[in-house]
Amino acid sequence: MPNNNGTNNGIALTPHVVEDLLVSRNFKELRVLFKEKEDADLADTLCKLDIADCISALRLVPRDRRPNLFSDMEVERQQELIEELPDVMSSSLLNEMEPDNRTKLLEELSPDICDVILTKLNPREREIANQLLSYPEDSVGRLMTSDFLTLSESMDVSSALKSIHWSRALPEEFLHYFFVTGDDGILIGEASLASLVVCDPPSMAIRDMMKKSHVSLSPLDPQQRAVELFRKYDHLYIPVVDLNKKIIGIVTADDVFEVAEEEATEDIQQFGGHGALEDGYFQTPLFTMLRKRAGALAILFVSGFLTSEALRVYHDTLSQWGFLTFFIPLIIASGGNSGTQAASLIIRGLAINEFSLRDSMKVLYKEIPVGIILGLILAALWCVRAYFMDLSGPVTLTVSLSLILIVLFGVIAGSMLPFFFRAVKLDPAVVSSPFISTLVDVTGILIFLNLAILIFNYFGTA
């Protein structure tokens with residue numbers, strides 16, 4: 001519980017603590033506690049309260065913090081607050097939100113609720129919201145914010161610093177870099193706050209000390225393009241320009257980080273053999289989870305029939321040498337693992353444009369020696385195991401050669417299938433895993449049992 005002296009040293013920010021302080025009407029203690037906490041942590045806590053307590057707690061947060069705090073909350077809680085808060089308070093929150101954060105909220109809500117929110121915006125913010133929503137889904141236009149400050153090339157440094165100083169409405173995180181425009185409004189360069197502060201003499205024109213920059217985005221660019229540019233240039237934000245090269249907004253690194261995280265999550269989920277989840281694991285309904293996972297699982301199950309059929313074809317061989325059955329899981333698992341390893345590397349490389357379709361042969365030439373060496377390593381480990389098991393030479397040789405060949409095949413299949421599916425306009429992350437699993441399993445059985453027949457017949461093994 002809070003200390004009697006009114007400090008919050010050592011008190012954790014938890015829903016239980018907030019509820020107790022609200023019940024005891026210890027609002028002063030709550031204000032001090034909230035002041036010491038980050039917006040993201042406070043948003044997590046308020047989302048876990050019931051809506052009435054959340055509203056009471058939100059009223060104790062300074063007004064200038066509320067928009068960022070509201071932006072960090074879950075969409076469900078944002079919607080509840082919009083419906084429950086007085087119109088004056090909800091309108092204030094929505095109008096003071098950063099445009100890109102508000103767009104994210106509007107994207108998640110139904111059209112009816114979006115219309116209600118738009119009516120709560122002032123004319124200028126409503127125009128901005130409609131403009132951002134007019135851009136295609138998953139485009140850079142949906143990510144950009146119109147909160148930015150440009151400097152004219154004809155300004156001197158002293159005037160530029162005064163302009164920055166009096167731009168009170170601009171968020172502090174946007175004060176690191178400023179974009180420079182010509183007299184015609186066309187983007188021509190950038191200048192950092194640090195370079196402006198240390199510039200000597202302060203009467204120098206911006207055009208003489210700025211850094212020319214041609215890094216920009218179009219509002220119609222896919223969001224993946226923004227991810228690529230931020231990864232390449234390591235900027236905090238990148239300008240968005242229209243067809244005339246006039247700046248109309250900026251995209252920030254934190255927004256692009258969220259896009260990259262979503263894409264990585266989607267690729268991982270799809271590579272695991274199920275559809276990507278739109279919401280978090282615990283927020284996804286049971287039937288949605290089943291629908292996302294059942295299709296791929298059914299395909300894998302049906303494709304398993306091929307493996308069963310391969311075993312049935314070699315029924316006589318397995319009847320004669322039944323001990324071979326014990327080695328089949330070892331063989332197909334090695335091939336499947338090597339194929340999955342290769343595929344994960346290639347899919348990720350294609351996703352971040354590390355290479356393109358024309359690099360497929362270069363990848364193949366690199367993966368072949370990798371596959372051979374990996375196969376030799378596994379074969380060597382097997383020989384050690386076979387020695388202690390006191391297995392015969394033909395059995396050891398059969399399994400060793402099978403490991404080398406199936407690992408090599410798995411690596412080739414895993415590295416080439418993503419290129420093939422990209423070429424035929426399919427998502428490699430979605431379809432590669434099921435195909436690799438089936439292909440390597442069946443091929444592993446064929447390689448192993450055919451080698452066994454050849455080697456055992458050659459050595460006359462009964």
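Biologist: In which loop is the place of aspartate 138?

Modeller: This is a predicted model, in which local features need pLDDT of at least 70 and side-chain atom pairs count only at pLDDT 80 or more, while totals for chains, interfaces and linings use all residues. Residues are numbered from 1 along each chain as its sequence is written, and side-chain values use heavy atoms, with hydrogens and water left out. Helices (H or I, at least four residues) and strands (E, at least two) are DSSP runs numbered from the N terminus. On that numbering, aspartate 138 belongs to the loop between H10 and E1.

Biologist: What is the phi of aspartate 138, and is the residue buried or exposed?

Modeller: Aspartate 138 is not a glycine, yet its phi is positive, at about 65 degrees. Buried means under 20% relative accessible area, exposed over 50% and partly exposed in between, with a 1.4 Å probe and protein chains only. Because its relative accessibility is 51%, aspartate 138 counts as exposed.

Biologist: Is leucine 143 buried or exposed?

Modeller: Leucine 143 is found in the loop between helix H10 (123-134) and strand E1 (150-152). Its C-alpha atom is separated by 10.0 Å from that of leucine 133, 10 residues apart along the chain. Contact means heavy atoms within 4.5 Å; not counting residues up to four places away in sequence, leucine 143 touches Asp100, Gln223, Ile250, Val251, Asp255 and Val259. With a relative accessible area of 6%, leucine 143 is buried.

Biologist: How do the residues of the contact of H8 with H10 divide?

Modeller: Helix H8 (residues 99-108) packs against H10 at an angle of about 60 degrees with the axes 10 Å apart, where axes are lines fitted to C-alpha atoms, for helices over the stretch in contact, and angles run from 0 to 180 degrees between N-to-C directions. The contact involves Pro99, Asp100, Arg102, Thr103 and Leu106 of H8 together with Glu125, Ile128, Ala129, Leu132 and Leu133 of H10. Ala, Val, Leu, Ile, Met, Phe, Trp, Tyr, Cys and Pro count as nonpolar, Asp, Glu, Lys and Arg as charged, and the others, Gly among them, as polar. By these classes, the residues of this contact divide into 6 nonpolar, 1 polar and 3 charged.

Biologist: How are H19 and H20 oriented to each other?

Modeller: The axes of helix H19 (residues 360-389) and helix H20 (residues 393-423) come within 8 Å and cross at roughly 155 degrees. Angles under 35 degrees count as roughly parallel, over 145 as roughly antiparallel, 65 to 115 as roughly perpendicular and the rest as oblique. H19 and H20 are therefore roughly antiparallel.

Biologist: How many nonpolar, polar and charged residues has the contact of H19 with H20?

Modeller: This contact belongs to the pair of helices whose axes cross at roughly 155 degrees. By class, the contact of H19 with H20 has 21 nonpolar, 6 polar and 1 charged residues.

Biologist: Is aspartate 390 buried or exposed?

Modeller: Aspartate 390 is found in the loop between H19 and H20. Its phi is positive, near 60 degrees, in a residue other than glycine. With a relative accessible area of 69%, aspartate 390 is exposed.

Biologist: Which residues is serine 192 in contact with?

Modeller: Serine 192 lies in strand E3 (residues 187-192), and at 16% relative accessibility it counts as buried. Leaving aside neighbours within four places in sequence, serine 192 is in contact with His176 and Tyr177.

Biologist: Is threonine 181 buried or exposed?

Modeller: Threonine 181 lies in strand E2 (residues 177-181). Its contacts, leaving aside neighbours within four places in sequence, include Thr150, Leu151, Ile188 and Ile247. At a relative accessible area of 10%, threonine 181 is buried.

Biologist: What kind of peptide bond joins aspartate 200 and proline 201?

Modeller: Proline 201 lies in the loop between helix H12 (193-198) and helix H13 (206-209). Omega is about 5 degrees for the bond between aspartate 200 and proline 201, and this peptide bond is cis.

Biologist: How many disulfides does the structure hold?

Modeller: A disulfide is a pair of cysteine sulfur atoms within 2.5 Å. For cysteine 47, the nearest cysteine sulfur, that of cysteine 54, is 6.6 Å away. The number of disulfides in the structure is 0.
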